[in-house]
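Could you walk me through this model in plain words?

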Amino acid sequence: MLRSIELSARRALLAGFMTSGLLGGAAWAQLESQDTLAGMKTAPGLEVSLFAAEDLLVNPTAMDIDAKGRVWVTEASNYRLFKHEVAVEEGDRVRVLEDTDGDGKADQATTFYQHPTLQAPLGIAVLKDRVYVAQSPELFYLEDTDDDGKADKKTVILTGFGGVDHDHAIHGIMAGPDGLIYMTVGDGGLDVTDNSGDRIVAGKAAENPTYDAATVLRTDPDGMHLELLAEGMRNPYEPTINSFGTVFGSDNDDDGNEQVQINYVMEGGHYGYWPRRQGDRRLDEVHWNKDRPGVVPNMIRTGFGSPTGILFYEGRLLPARLHNTLIHADAGPGEIRSYKPVANGAGYQGKTEILLSAPHDKWFRPSDVCVAPDGSVLVADWYDPGVGGHNMGDTKRGRIYRLAPPEIPYTAPVLNLKTDEGLTQALASPNLAQRYLAHDVLSGELKGAEVPLLHAMYQSNDPILRARVLWLLGKERNHGLETLLELARDEAPAFRVQAVRLLADRGPESLFSAEWLLEDPNPMVRRQVLLELRRFPDSLTLDNWLIALALHYDGQDRFYREAIGIAFTNRESWGFERLASELGNRWDERLSGLALQLHPAEAQALAETALHNDMLGATPRRAAIDVLDAIGTEASGQMLVALVENPDSPSELFKHALHHLARNGGQDWRTVTGGESMDTMLAAALDNPDRGPAVWKFITETKRQQFVPSLIARSKRNDLPLESRLGAMNGIKAIAPQIAPKDADALVAELATLLADKHDVLRAAALESIQQFRGSASRTILLNLTLDTEQDIALRAELARRLAATQSGAIALLDAVEQEKLPADLLPIVSEQVHNGPFEDARMMAQQLIPRDAAADGTALPPMEELVAMVGDVTKGKQVFFSEDHAQCFRCHRVGDEGKEVGPNLTVIGQKFGREGILESILYPSAAISHEYEVWIVETEWEGYLSGFIVQEDDETLQLMDATGTVKNLKQSDIIDKRKSATSLMPTGLAAAMTAQDLSDLVAYLTSLK
């Protein structure tokens, strides 16, 4: 009978019943714009006002402000059509909002462009008479050729961007001070051939990409000379550029890992999102690979969030502390923040301040920030109950707010670009569109002759204006080089950095003529020289410049070290041998740092000598281990293995080497750690009080199956402390999924004896361990114990819950129900678990075998409006979250140090969602599925159908995490088929395990988590 149930369930599965209805426009908890405004909080010296709201605009994804002060907005009503129905048949719009009566509020809105193919564009830039729009797969511009206020011409300048109908696409386009267009592309990637014939391939858009994951790019206004500035990000929403040419941006993490970061974008830099590796992705070292050479450090880690638009504020209207500061929109917690860049060696760190928030309205979702001509900052608000997961709960509203000092009216100075005064005013403007107009006019004049106005502006006391002038002045034929060489001696490092960029633009001869830059006292200047040298790989002068600059490395500055790595790309072996010789082969922090960054095989001998030099302290010897690990050859790996196998090795070095050998679950060093001598060492060190914990961690992380019998024996030893026994059990749980079913029976039988242990925590750990084994042995033992009424009811209840948490176990329990073998005292538990479970086939069978009412007390839930209005109790809500008898949220979600990390971490969920968004997630879990928590249905030869989200995948294996948190390593050769599901691992029908008040209490608790 069980087989027939499984077959019918699979047929239903394949017929496509695992889809779910999507949540429509949810208007039950929206606040009117004035109510949202009334509760907003601003930083000192700032006042927020409402510039525009519905019905003038809806769902703004991106914004720009033109030279007249008009606000241009891209809308997203037709958002993610792979998931939602078309909301507007005519297509999304580009809207133009204008304040015609000068009262500081938009009173007129016109549609510049609307078309069925315009669908949730994510970038806009208004540059002269062109309106650039970013929507994968294209970057195009619109023109109004007949001056009727509507676009009548569309020109595609680049195509081939990935992430179509997706958030990880092309977005955030803006003009730089150099007249070029900058943009970001998410890890959907790109395969683009520009209009000059150059091709860039990155991320997921094509096979064998040249560059990793998400990127920052720039091009000229006509799509010529597309250039990649940086790679290895996840999903940077927008870049921003200061007047000296330095690029900044944010990057979004895997949701729930609190790893959002603000970056200084180093030309040629890699930011570490790829390759992904095993481990806790809440750690910098795992999530962004920050412990690896070749990965640029971040400027600030902001933690939780969903970062969107960003700008570099060079106006003077806002308070002085905000001048020359990044201003950033984060839609997750609903905040506008500033970050003051502070020099950190050759890079930056930053100080954070919250400028605007709406703590009483969690629908506030700032999507973009722009500077108006008067220096005020406008904020676009997408306005929605949630953000991410390709979901939206609102298609009718959107707002724009204005941040400025109190009682300062909104103005847009009228420009006269036919006068010197007007051009100077425009180029000095805080508004990008006004500056671009001046840049365009002055660029045209440069084509004919020198421009005296530029020289006059260059004498200004305003450093920002001088910096903008230099992008033009440096191009003068006769005196441009003379000006730049003078600038390269300026007392301000920012100008010297800019001079380096502009000299490199003119060619290698210009840059190499400023030899004094090799000894510049500021690391940022020398850093920039290093980065620009990558443009001139064939120059005869290059070698000496590279060595001279690299010798300035102080052994500490990670940004400078990364610049060296970029400059020495494809010249690592030559470079290290030259540098080592110059430094006298002396293994100190300078040479070891250079060896780590370049890590050629030629560094191996020096590192090995340092490793075994007892006269060196622990720090340089640890550095030698780092270098051997980075070299990554079999020979260097064997040196690390020899170190850990030597019983006389210093304990600190032993642990450090073992840590490296375990990186990425041991995959990176599998070829050298698989020998018998390694196993002998590990076995001998298990009980060593100093080395033992590191050994247990290594065994667990690398999942060495041969140690499971030893781990079981250790867990059964009553003479050991309980902590040691539990540590052994944790190792079993981690390794068990890798063990073939044919080898599991005897191990499971041994573990089952621990179900009678006197320690509750050990019994629970034994249950979890048994459940991790594949094959029939664990299921049979658990099922037999569950059905045995001679066993304690608490044990049987726990066993039933654990069985129901797996697809095969849930089906087995339902088979017992149909055959009337399930004890009556377990029926309510099984009903609740299966109905709340993530397996749609089991839920459908349960509806027939054990149907239940809509709520735990037998009553239907009230309408959403009433649920939102109910008052919840935070303390009781916490009890619901961690209760075994309600929704059991803790089995999949972690709060602080409690719970499991199956679904997103909820420790600060109250920052991102209000009551409405959390209720929506509970009642409609499949409506919004985060990019990293998409559910896959995988059919395998050995285990039938499995469901979960993909943790990691390569050509050989696929790691699938199910609803219990179990990660299964599946061989690609064992996989018959796999497909993405529209459902969530978070179960539907959770409310049936709770009363309406329970649900309200739970929401109150989750909302309080900040």
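Where does Pro275 lie? Look in the loop between β20 (269–270) and α3 (284–287). The labels come from DSSP runs numbered from the N terminus: helices are H or I runs of at least four residues, and strands are E runs of at least two.

Before going further, here is how to read everything. This is a predicted model, where local features need pLDDT of at least 70 and side-chain atom pairs count only at pLDDT 80 or more, while totals for chains, interfaces and linings use all residues. Residues are numbered from 1 along each chain as its sequence is written, and side-chain values use heavy atoms, with hydrogens and water left out.

**Backbone spots to look at**

Back to Pro275: a cis peptide bond joins this residue to Trp274, with omega at about 5°. Another cis bond sits between Ser136 and Pro137, where omega is about 15°. You'll find Pro137 in the loop between β8 (130–135) and β9 (138–143).

Now for positive phi values in residues other than glycine. Asp147 has phi near 60° and belongs to the loop between β9 and β10 (153–159). Asn289 has phi near 55°, and its place is in the loop between α3 and β21. Are these two buried or exposed? Asp147 counts as exposed, at 70% relative accessibility, whereas Asn289 counts as buried, at 7%. (Buried means under 20% relative accessible area, exposed over 50%, and partly exposed in between, with a 1.4 Å probe and protein chains only.)

**A four-stranded sheet**

Strands of a sheet pair through backbone hydrogen bonds, either parallel or antiparallel. Here, four strands line up as β17-β18-β19-β21 in an open sheet with antiparallel pairing. Two strands count as paired if DSSP finds at least two bridges between them. The edges belong to β17 (239–241) and β21 (300–303); each has a single partner strand, so one side of each is left without a neighbour in the sheet. From one strand to the next, the twist averages 20° (axes are lines fitted to C-alpha atoms, and angles run from 0 to 180 degrees between N-to-C directions).

Zoom in on β19 (residues 260–265), which pairs with β21 over three bridges in the antiparallel sense. Val260 has Gly303 in β21 as its bridge partner.

**Salt bridges**

How many salt bridges does a search of the whole structure find? The count is 52, where a salt bridge is a side-chain nitrogen of Lys or Arg within 4 Å of a carboxyl oxygen of Asp or Glu. Here are three of them:

| Pair | N to O distance |
|---|---|
| Lys128 and Asp440 | 2.9 Å |
| Arg468 and Glu314 | 2.9 Å |
| Lys697 and Glu701 | 4.0 Å |

Take Lys128 and Asp440. Lys128 is in the loop between β7 (123–127) and β8, and Asp440 is in helix α5 (residues 432–446), so the pair ties together parts 312 residues apart in sequence. Lys128 is partly exposed at 48%, and Asp440 is partly exposed at 28%.

Arg468 and Glu314 also meet in a salt bridge. Arg468 is buried at 3%, and Glu314 is buried at 8%.

Lys697 and Glu701 are four residues apart in helix α21 (residues 692–702), so about one helical turn separates them. Lys697 is partly exposed at 48%, as is Glu701 at 31%. Finally, salt bridges that share partners join Lys733, Glu768, Glu798, Arg801 and Arg802 into one network.
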